[in-house]
Amino acid sequence: QIGFEEFLERLQKLEKHIYIHLEAIENMERSRRRMEERIKQLKGIDQRVVYLRDIEGKSLKEIAEELGYSYDYIKEISARNKRTHY
């Protein structure tokens with residue numbers, strides 16, 4: 001058992017951690033929405049490559065294999081659609 005004072009301290013620490021995590025979640029959700037909006041502006045193979053790279057986290061080699069293109073071509077597409085900090 002713990003005393004009331006210690007209980008309040010623990011509760012306050014827990015509330016602080018919850019607040020920090022909620023802020024982080026909100027930031028990630030804003031970033032995700034910005035990424036999705038940017039990807040919607042792209043067309044065709046550029047859209048597919050950026051989606052697989054930035055949303056699904058696939059490597060350029062994996063993307064090339066999945067889409068049936070050369071690694072160099074996918075690398076070129078990726079380079080013209082640089083990652084941005086969301």
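Leaving aside neighbours within four places in sequence, which residues is L52 in contact with? This is a predicted model, and in it the list for L52 is G57, K58, I63, E66 and L67.

L52 also belongs to the largest nonpolar core, so let me go through that next. The core has eight residues: I45, V49, L52, L60, I63, A64, I74 and I77. As background, nonpolar side chains in soluble globular proteins tend to be buried together.

Now α3. Its buried residues are L60, I63 and A64. Viewed down the axis of α3, these fall within an arc of 100°, so they line one face of the helix. They pack against α2 and α4. K61 and E65, on the other side of α3, are exposed. After α3 comes G68, which has a positive phi, near 80°.

Last, the aromatics. Searching the whole structure gives one aromatic pair, and Y69 and Y73 are its members. Two values describe a pair of aromatic rings: the distance of the centres and the angle of the planes. For Y69 and Y73 these are 5.2 Å centre to centre and 45° between the planes, and the pair is classed as tilted.

Are these two tyrosines buried, exposed or partly exposed? Y69 has a relative accessibility of 41%, so it counts as partly exposed. Y73 has a relative accessible area of 33% and is partly exposed as well.

Note on methods. Residues are numbered from 1 along each chain as its sequence is written. This is a predicted model: local features need pLDDT of at least 70, side-chain atom pairs count only at pLDDT 80 or more; totals for chains, interfaces and linings use all residues. Side-chain values use heavy atoms; hydrogens and water are left out. A nonpolar core is a set of buried Ala, Val, Leu, Ile, Met, Phe, Trp, Tyr and Cys residues joined through side-chain atoms within 4.5 Å. Buried means under 20% relative accessible area, exposed over 50%, partly exposed in between (1.4 Å probe, protein chains only). Contact means heavy atoms within 4.5 Å. Helices (H or I, at least four residues) and strands (E, at least two) are DSSP runs, numbered from the N terminus. The arc is that of the directions from the helix axis to the C-beta atoms. Rings of Phe, Tyr and Trp (its six-membered ring) pair if their centres lie within 6.5 Å; planes under 30 degrees apart count as stacked, over 60 as edge-to-face and the rest as tilted.
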